[in-house]
Amino acid sequence: MEKENQKAYLDLTDEEIVLLVQKGKKDHFELIIGRYTDKLNRYFNKFLSNKEDQQDLLQDVFIKCFININNFDTDQKFSPWIYRIAHNEAVNLLKKNSSRPFSFDIFDEALSFAHPKAKEDSESDSEKLLIKKYLDSILEEIDIKYKEIIILYFYEDFSYKDISDVLKIPVSLVGVRIQRGKKEIKKILEEKKFN
Amino acid sequence: MENLKDDLIKKINEKIKDNKIKMKPKFYFVLQGFLLMSFILIMFLASLYIGNFILLIFHEHQESINFLRIDSFDFNNFLEFLKIIPGLLILLLFVFIFSLYRLIKDHAFVYRKNILYIILFLFLILTIVVINIHIFLDRNFDRIRFGEKGELPVVSYLHKYYRGNRLKPSGFKDLPNKSKVFRNREVLNN
């Protein structure tokens, strides 16, 4: 795509770009790649230590995104959709590499009896920054079930509804897991004697 | 990071130009959606049929075990009850219900509010109960015996296996005028 035209398309939303791609303007897909490479790379960084795996995964995600782009409803938000593809690819790779059976939430006890009051609460920006500051050092120790939700919530700034769309779990369960994830973070930090 | 971005754009653009990756057409997803809806409907109807069939088996055996009569409930009656339980059918019902759950769980209107699973399950139970009450009150027992005459291969096999000599049970059509469910049982027992 020519650089002059690129500037004109910078103001378009993700959904508008996807609509153009769906109408046949395939070269506009590189705008999506440009916008999401850093974000998805950061997302995969938290799960995978192998850089080669990350790069292969990134390519696979964009390829799958392109192949299935006509399945995206442009009335919805695009970012949960592409993160859903990224999540599935990451899970498949982790399952392949893991020596023991891998499961996120086949029969989570909270799935049927999700906490009715685990609604989204607004954390202040400073509170989130404080958690993020310590989170980098302890992320590896957090249970995989909470890790992904914590990454999506604290690093990618997704709302409960967006996280629900990425992971295909009820909104109330997202709240429950974030609360439990925070408790686990607090426990680890106390063990490491952080203030 | 810019190198990674440019590298990715170049690789993917090359694959698009060489037609190594192609967008799936919209029709593909419409057909996929239609097939999924069809499977959901089939699973729902299959669950409904099996649920009703299980109740038919219990209904036909009630005169021999008197299970619902409190005054004669004892260990022997309970053993008889265990014998007539169609275990495989109940297992099949659970398989159908679980399949239904797996088919619908990825849809936004279901996973966002998981209470919809419970509502769907309750709707299935309610439909089975309403059908059975309607049949017993209406006395149109031919509806219970759907498939008994061999018009459908698998269904008629179920009738032969589970109902055996109870095919065309006596007394159903000989009952007096419309009566309630519990009165029916008394007439059959006498």
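The structure is a predicted model, in which local features need pLDDT of at least 70 and side-chain atom pairs count only at pLDDT 80 or more, whereas totals for chains, interfaces and linings use all residues. Residues are numbered from 1 along each chain as its sequence is written, chains are lettered from A and ligands numbered from 1 in the order in which they are written, and side-chain values use heavy atoms, with hydrogens and water left out.

Side chains of opposite charge can pair when their charged atoms come close. A salt bridge was assigned where a side-chain nitrogen of Lys or Arg lies within 4 Å of a carboxyl oxygen of Asp or Glu, and seven salt bridges were found over all chains. One of them joins R42(A) to E156(A), with the closest N and O atoms 3.0 Å apart. Because E156(A) lies in the loop between helix 8 and helix 9 of chain A and R42(A) in helix 3 of chain A, this pair ties together parts that are 114 residues apart in sequence. Helices (H or I, at least four residues) and strands (E, at least two) are DSSP runs, numbered from the N terminus. E156(A), at a relative accessible area of 9%, is buried. In a further salt bridge, D162(A) meets K77(A), the closest N and O atoms being 2.7 Å apart. Here D162(A) belongs to helix 9 of chain A and K77(A) to the loop between helix 4 and helix 5 of chain A, so parts 85 residues apart in sequence are tied together. D162(A) counts as buried at 6% relative accessibility, whereas K77(A), at 47%, counts as partly exposed.

Chain B also contributes a salt bridge, between D7(B) and K11(B) (3.7 Å, N to O). Both residues lie in helix 1 (residues 2–17) of chain B, four residues apart, which is about one turn of the helix. D7(B) is partly exposed at 37% relative accessibility, and K11(B) is partly exposed with a relative accessible area of 39%.

Aromatic pairs were considered next. Rings of Phe, Tyr and Trp (its six-membered ring) pair if their centres lie within 6.5 Å, with planes under 30 degrees apart counted as stacked, over 60 as edge-to-face and the rest as tilted. The whole structure contains 14 aromatic pairs over all chains. The rings of F72(A) and W81(A) have centres 5.3 Å apart and planes at 50°, so this pair is tilted. F78(A) and W81(A) also form a tilted pair, at 5.8 Å centre to centre and 40° between the planes. F78(A) and W81(A) both belong to helix 5 of chain A, three residues apart. F78(A) is buried, with a relative accessible area of 0%, and W81(A) counts as buried at 18% relative accessibility. Ring pairs link Y36(A), F72(A), F78(A) and W81(A) into a cluster.

W81(A) is also among the contacts (heavy atoms within 4.5 Å) of I69(A), which touches V18(A), V21(A), Q22(A), F29(A), W81(A) and M23(B), not counting residues up to four places away in sequence. I69(A) is situated in the loop between helix 4 (51–67) and helix 5 (78–97) of chain A and is buried, with a relative accessible area of 0%. T37(A), in helix 3 (residues 29–45) of chain A, is buried at a relative accessible area of 0%. With residues up to four places away in sequence left out, T37(A) touches L58(A), F62(A), L4(B), K5(B) and L8(B).

Helix 8 of chain A is largely enclosed by the rest of the structure, because 11 of its 12 residues are buried. The buried residues include K145(A), E148(A) and Y155(A). D157(A), which follows helix 8 of chain A, has a positive phi near 55°.

Chain B comprises eight helices and zero strands. Buried residues make up 36% of its 190 residues. Residues 24 or more positions apart account for 64% of the contacts in chain B with a separation of 6 or more.

How values were computed: Buried < 20%, exposed > 50% of the residue type's maximum accessible area, 1.4 Å probe, protein only.
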